[in-house]
Amino acid sequence: MMDDAANDVRHDHKKLGRELGLFGTDPLIGAGLPYWLPDGAVVRHELEEYVRAEERRAGYRHVYSPVLGKRELYEISGHWSHYSEDMFPPMRLGEEEVVLRPSLCPHHAVIYRSRARSYRELPLRMAELGPMYRSELSGVLGGLTRVRAIQLNDGHIFCTLDQVAEEARGALRLIREAYRALGIEAARYRLSLPGPGGKYVAAPELWERSVALLVEVLESEGIEYQAEEGEAAFYGPKIDVQIVDPHGREATLSTVQVDFHQPERFDLHYIGADGAKHRPVMVHRAVIGSVERAVAHLVEQHGGAFPAWLAPVQVLLLPVSEGELPAAEELLARCLAAGLRAELAGPEQGSLGARIREHRLVPYQAVLGAREVAAGQAALRLRDGRRLEPLPVAEALARIGERIAARGTGLWEE
Ligand SMILES: [Zn+2]
């Protein structure tokens, strides 16, 4: 069907990513190792800062941990025996072998046990937006969806068994709020269970407990889900939030996992109210999953017309003629001072209509004609085609700023 084909092309994130100057790849850097261009870097930066701010509000503390770890670290975590196919081969360094990390969890477990913990510190919520690496085969690589270097929005909650359900619920709420802000729709929720074969840690009783906890969380939140075998992490079951691309292909973006295994392997404990040592549970969660996949999905979902708070350029200033250029430059300075990402497209770039078309993805376009300049006003055009009555410049900027601060996909509050 013609229409569908046209639609597919418009929403291919690789093609749009090139056209919009968001990211690129080069065979010399290597397959699956995209670089981010300035406009793409703005989107990524905004996304990362948003997630960090939401996490801080939800009681997380952020850490940084190195992208390398000794082979022994992953032997303890179980990655070495259960996940080595997806890992880069180790690098020899003197007597040691170091590995590009396939996940952040082992580092966080080690940070947790870097000092004694009391039950009063639990739930201890640790987060990091950090890189991890996956040795994807070159045949399946492309764009931002299959990459070898992944920026993961990871977080681990170390808590008591009694706290698991509430912490998992809190993680799901963060995910749903992020989807609202980003204009992403979850296609479905999947309860991912282990399948047959030796890929999974053998501890039937622990698996059963973890599954029961996740089911309790899904049901208490009134979330419909489908259980599927063979999709769990090797150390535990998970709730996967699935998204669908314009081609109908499904992928996992966000996850919440319950893990009894790694606390055991790393011998984690806390001192309880009874003065004795107890084992915490680890809840793993990713709010927006990987930054790469999230941005790929946002590009395709919005066809490049990002929610205003993420847009590389938020306000475009359009002086109608040379005469309004000084006023436009002054307004540009005011926008930048107000923290808005603004650009000026002057008459040397063509007719007003041509300039508007050229920058059609910019959410707010301020047209400055002789009348507006004389009155100290700006006539806003919104990306969706709406034209607003001219507003005093200060009011226009304040209202744009409010909309951006509120996130979400709406462009204007009537
Ligand atoms: Zn983890």
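Guide: Let's start with a pair of helices. H3 and H7 make a right-handed crossing. Keep in mind that this is a predicted model.

Visitor: What is the angle between H3 and H7, and how far apart are their axes?

Guide: Here's the general idea: two packed helices are described by the angle between their axes and the distance between the axes. In this case H3 and helix H7 (residues 164–182) pack at about 145°, and their axes are 11 Å apart.

Visitor: Which residues in H3 and H7 meet?

Guide: On the H3 side they are Leu 47, Tyr 50 and Glu 54, and they meet Leu 174, Glu 177, Ala 178, Ala 181 and Leu 182 in H7. Sorted by kind, the residues of this contact divide into six nonpolar, no polar and two charged.

Visitor: Let me stay with H3. How many residues does H3 have, and how far does it reach?

Guide: H3 covers residues 38–57, which makes 20 residues. From its first C-alpha to its last it reaches 28 Å, close to the 28 Å expected at 1.5 Å a residue. After H3 comes Gly 59, whose phi is positive, near 90°.

Visitor: Which residues of H3 are buried?

Guide: The buried ones are Gly 40, Val 43, Leu 47, Glu 48, Tyr 50, Val 51, Arg 52, Glu 54 and Glu 55. Look back at the contact with H7, and you'll find Leu 47, Tyr 50 and Glu 54 there too.

Visitor: Can we try another helix pair? At what angle do H11 and H14 pack?

Guide: Helix H11 (residues 325–337) and helix H14 (residues 393–405) pack at about 35°, with 11 Å between their axes. Their crossing is right-handed. Leu 331, Arg 334 and Cys 335 in H11 meet Val 393, Ala 394 and Leu 397 in H14. That contact divides into five nonpolar residues, no polar ones and one charged.

Visitor: Are Cys 105 and His 284 buried or exposed?

Guide: Cys 105 is buried, with a relative accessible area of 5%. His 284 is buried as well, at 2%.

Visitor: Which peptide bond is cis around Pro 123?

Guide: For a peptide bond, the angle to look at is omega. The bond from Leu 122 to Pro 123 is cis, with omega near -5°. You'll find Pro 123 in the loop between helix H6 (105–112) and strand S7 (124–133).

Visitor: What is phi at Asp 267 and at Arg 407?

Guide: Asp 267 has a phi near 50°, a positive value in a residue other than glycine. The loop between helix H9 (261–265) and strand S13 (270–271) is where Asp 267 lies, and the residue is partly exposed, with a relative accessible area of 45%. Arg 407 also isn't glycine, and its phi is positive, near 55°. Arg 407 is in the segment after H14 and counts as partly exposed, at 24% relative accessibility.

Visitor: Why does Tyr 133 count as buried?

Guide: The cut-off for buried is under 20% relative accessible area. Tyr 133 has 18%, so it counts as buried. Its place is in strand S7. Leaving out residues up to four places away in sequence, Tyr 133 touches Val 67, Asp 86, Phe 88, Leu 100, Arg 101, Pro 102, Arg 148 and Ala 149. Take Asp 86: the C-alpha atoms of Tyr 133 and Asp 86 are separated by 8.5 Å, though the two are 47 residues apart along the chain.

Visitor: And the whole chain: how many helices and strands are there?

Guide: The protein chain has 14 helices and 20 strands. Its C-alpha trace spans about 75 × 50 × 50 Å along the principal axes. Of its 414 residues, 50% count as buried. Among contacts between residues at least 6 apart in sequence, 70% join residues at least 24 apart.

Terms used
Residues numbered from 1 in each chain as written. Predicted model: local features only at pLDDT ≥ 70, side-chain atom pairs only at ≥ 80, totals over all residues. Heavy atoms only, no water. Axes fitted to C-alpha atoms, helices over the stretch in contact; angles between N-to-C directions. Helix = DSSP H or I, 4+ residues; strand = E, 2+ residues; numbered from the N terminus. Left-handed = near helix turned anticlockwise from the far one by under 90°. Contact = heavy atoms within 4.5 Å. Nonpolar A, V, L, I, M, F, W, Y, C, P; charged D, E, K, R; others polar. Buried < 20%, exposed > 50% of the residue type's maximum accessible area, 1.4 Å probe, protein only. Expected span 1.5 Å × (residues − 1).
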